[in-house]
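Visitor: I would like to learn how to read packing in a model like this one. Could you walk me through it?

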Amino acid sequence: MTYDADAVARYFDAFGLGEYERHDASPEQRIKFEMHVRCLREFVQPGSRVLEVGAGPGRFTEILAEMDCGVTVVDLSAEQVRLNEERARELGYAQSIERWLHADFCDLPALADGRFDAVVAFGGPFSYVLDRRDAALEECVRLLAPSGVLLLSVMSKWGSTHAFLGAIQSLPADEIRAMDATGDVTPATSPSSVDGGHFFHMFTADELRRFLEDGLRVEFMAASNAVSTGWSDYLDGEESFAQALAWEDEATRAPGALDMGTHILAVARKEGVR
Ligand SMILES: C[S@@+](CC[C@H](N)C(=O)[O-])C[C@H]1O[C@@H](n2cnc3c(N)ncnc32)[C@H](O)[C@@H]1O
């Protein structure tokens, strides 16, 4: 399936602040947010120069600013860039943003080689670019300083199947077969998704590792979320939430769990010149 940048931009222009609010929508979503924040705190040095691609309205931009990072924000959706800037000004961390760029992270000629200590691509940018993912990875590697790190999360094929099994099984059989064979949710594999306009690729953990190892050394992988998926109704209390988060943190790094979260989190380091 061919990547259609305009379709992705249209979808997220219309989505508005939904992406900001998603992280608070349920205990499961709050656990997902916390897992991503822990990953930032573990792998990004405070004070780093960070490129955040597909930053959306900026839930993670805010965390990076708290960590005293200098952040360059990139998003394909003009509306998401506008919201990101608006949030930064409202919440008082605009001085941490070096630049807001309305651009496609597959091609960022405005940014110089080796400029960033870290590139953050959370919430699926590498899932949205479909057949342009090699170009997107090349661009991230180009922009990273030697020993810089790429932090990303992508949609997970088996974890999404687990989380949305009922809805998936209600699709026509040929759509299920096509999605299963390709990992894609696109007009080609899933005509019934066309009206929703949300098209992406779901990775397996092995596939993601092989993709990243073409030029980077994988340092960390985890599922997000696996243990807590489907249990939101039981995780409202402070104690049960904290316990589930602790289990999530420990269990989802185990090799056997990597494919069982709705997303897969990964960190990969640039070694020398590609
Ligand atoms: C699901 S949202 C995630 C937002 C934020 N990173 C988060 O996790 O809360 C995905 C974002 O990636 C952006 N995006 C998708 N493809 C992109 C591309 N090729 N270049 C830049 N941004 C892209 C979308 O516009 C959207 O804002």
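Guide: Gladly. Let us start with contacts: two residues are in contact if their C-beta atoms, placed from the backbone, lie within 7 Å. Keep in mind that this is a predicted model.

Visitor: Which residues does I264 touch, not counting residues up to four places away in sequence?

Guide: I264 touches S153, V154, S156, F203, A205, L208, M221, A223 and L258.

Visitor: How should I think about the nonpolar core, and how many residues does the largest one have?

Guide: In soluble globular proteins, nonpolar side chains tend to be buried together. Here the largest nonpolar core has 71 residues. I264 is among those with the most contacts inside this core, along with V50, V119, L150 and L151. Strand 5 (residues 144-155) supplies the largest share, 7 residues.

Visitor: Now the helices, please. At what angle do helix 3 and helix 12 pack?

Guide: An angle between 35 and 65 degrees counts as oblique. Helix 3 (residues 27-43) packs at about 50° to helix 12 (residues 238-251), with the axes 10 Å apart, so helix 3 is oblique to helix 12. Their crossing is right-handed. Helix 3 contributes P27, I31, E34, M35 and R38 to the contact, and helix 12 contributes F241, A244, L245, E248 and D249. These residues divide into 6 nonpolar, no polar and 4 charged.

Visitor: And which residues make the contact of helix 3 with helix 4?

Guide: From helix 3 come F33, H36, V37 and L40, and from helix 4 come R59, F60, I63 and L64. Here the division is 6 nonpolar, 1 polar and 1 charged. Helix 4 covers residues 59-66, and the two helices pack at an angle of about 35°, with axes 11 Å apart. This crossing is right-handed.

Definitions and conventions: Residues numbered from 1 in each chain as written. Predicted model: local features only at pLDDT ≥ 70, side-chain atom pairs only at ≥ 80, totals over all residues. Axes fitted to C-alpha atoms, helices over the stretch in contact; angles between N-to-C directions. Helix = DSSP H or I, 4+ residues; strand = E, 2+ residues; numbered from the N terminus. Parallel < 35°, antiparallel > 145°, perpendicular 65-115°, else oblique. Left-handed = near helix turned anticlockwise from the far one by under 90°. Nonpolar A, V, L, I, M, F, W, Y, C, P; charged D, E, K, R; others polar. Core = buried A, V, L, I, M, F, W, Y, C linked by C-beta atoms within 7 Å. Buried ≥ 20, exposed ≤ 12 C-beta atoms within 10 Å, placed from the backbone.
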